[in-house]
Amino acid sequence: MGLGRALAVALVGVDGHLVQVEADVAPGLPAFTLVGLPDTALAEARDRVRAAMANAGCALPARRITVNLSPAALPKAGTSFDLAVATALLAATGAVDPRAVARCVHLGELGLDGRLQRVRGVLPAVIAAVRAGRDRVVVPAGNAEEARLVPGARVVAARWLPDVLALHRGEPLPDPPEGLPGWEPEPVPDGAAACGPGSARGGLGRVRAAADGPVVRLPAEPDLAEVVGQGQARYALEVAAAGGHHLLLLGPPGAGKTMLAARLPGLLPDLPDAQAIEVTAVHSVAGTLDPAGGLLRRPPFEDPHHTATVSALVGGGSGLPRPGAASRAHRGVLFLDEAAEFDTRALEALRQPLEAGELVIHRALGTARFPARFQLVLAANPCPCGMAAGRGEDCSCTPLARRRYLSRLSGPLLDRVDLQVEVLAVSRAEMSCGVPPEPSREVAARVLRAREKQRTRLVGTPWSTNGELPGSWLRGPLRLDPAATLDLDRGLDRGSLSIRGYDRVLRAAWTIADLDGLSAPGRDEVGRALLLRQRGQVAG
């Protein structure tokens, strides 16, 4: 009996930190103490580990057992530490070679019968392990496909605790007991061997071959061809997709605002490898990832209900925070339908990620950072009855009610929205014009060409789209001729534009120029971008 050590990973937000699990088995009255700032679920690992080891044929001795999670000051949450605790105890009792255990990172929850259960957050945990120089990772078989998505990871898939025992002893894998309740064996590589870069099953091979091989896609996205009329709004949607701009759609019920917003993801190009790993890591932590689908290549689309709380929208919860809809929409679209009905505090909480591209959430146990660089799409009625659009002849609301309704979308929030478009009701002439609406694939092709122009222009910078450009860059290396910005300068002088609004118009102007195949925007492109921000009518 003595001291055993194993490695695990603690997640704070989507950032992983390597944790050393130390197990000491000493003479004394039987007891099991777990220290190192565990949360409630982790503290319950004592009972899960004891029962799992007993039912797997490696019962703990009747000794005084102390398990320490180091560094002790780092908050630790969840059930993914179970396997590391059990493995450290196996090393402490001499059941396995302590040197073999120390070379691996162990992740997984234990069932009382010794089975290894899937856990959330495996992808960012494996990324953290590989970055720390620990590339050999033992995970539950249900998480193996997800873990193999990480380049450089040598993943060992285990079905139950005796698999791990055999692995560290260098023995063949045992068969699970027949009739084990709920046992559903999953396909595992022979001998639970690690999958390297050349493995046919390894996610690493899929990542590196992504440019040549098939891309896993979500179900077919809605097509823009289903939207009748709305030429102005369709053009704004194309500009938003091409430059990564935020968008406000304001109009009466039934005009097509929701249909347009739902079709924005279909105009966006697939995510490159680095961004796909970021997005997949967030969804892994959130517990919404289907590992069988591989990396999330398509931009995500989140549309929370207007009753969503602040925590549901931006993340939070007791203990260590969890990602909210804004983080799950990272590199994709966050759509707020009936935006004026959202709680004002929830809307104002979006101001930080709209500027910084990340959410920093402080709680008593620690601070979590979540990436949140999304495109915000707001859809709202112009008044409580929704009929104040256009001439507003059918509106039954008082002027005060109209002002109060739209004032829920604060000035500072709207100032961060690049494009603000009025969506009017579709006329009979538009419905019967006989010209079929343009499908998403044709618009997406123009968007892709515009994005490629932006990537070429911004090579060597941290940005890839016009929507990310800071004002210092727009007024520096990309500074336009004074004649092109004449209308903007006048708006700044009159006070109708803030300096933030000035920069956002310039971003949209560059996107319009990219769509038109121009090397730089002129006064016409700047004017069109300004009208798109001021809910004016622009000929696309």
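User: What secondary structure does the protein chain hold, and on what kind of model does that rest?

Analyst: The protein chain has 23 helices and 16 strands, where helices (H or I, at least four residues) and strands (E, at least two) are DSSP runs numbered from the N terminus. This is a predicted model, in which local features need pLDDT of at least 70 and side-chain atom pairs count only at pLDDT 80 or more, while totals for chains, interfaces and linings use all residues. Residues are numbered from 1 along each chain as its sequence is written, and side-chain values use heavy atoms, with hydrogens and water left out.

User: How should I read the crossing of helix α2 and helix α3?

Analyst: Axes are lines fitted to C-alpha atoms, for helices over the stretch in contact, with angles from 0 to 180 degrees between N-to-C directions; angles under 35 degrees count as roughly parallel, over 145 as roughly antiparallel, 65 to 115 as roughly perpendicular and the rest as oblique. Here the axes of α2 (residues 45–55) and α3 (residues 82–92) come within 10 Å and cross at roughly 55°, so the two are oblique to each other.

User: Which residues make that contact?

Analyst: With contact meaning heavy atoms within 4.5 Å, Ala45, Arg48, Val49 and Met53 of α2 meet Asp82, Val85, Ala86, Leu89 and Leu90 of α3.

User: At what angle do α21 and α23 cross, and which residues meet there?

Analyst: The axes of α21 (residues 486–494) and α23 (residues 523–533) come within 8 Å and cross at roughly 45°, which makes α21 oblique to α23. Leu486, Asp487, Leu488 and Arg490 in α21 meet Arg523, Val526 and Leu530 in α23.
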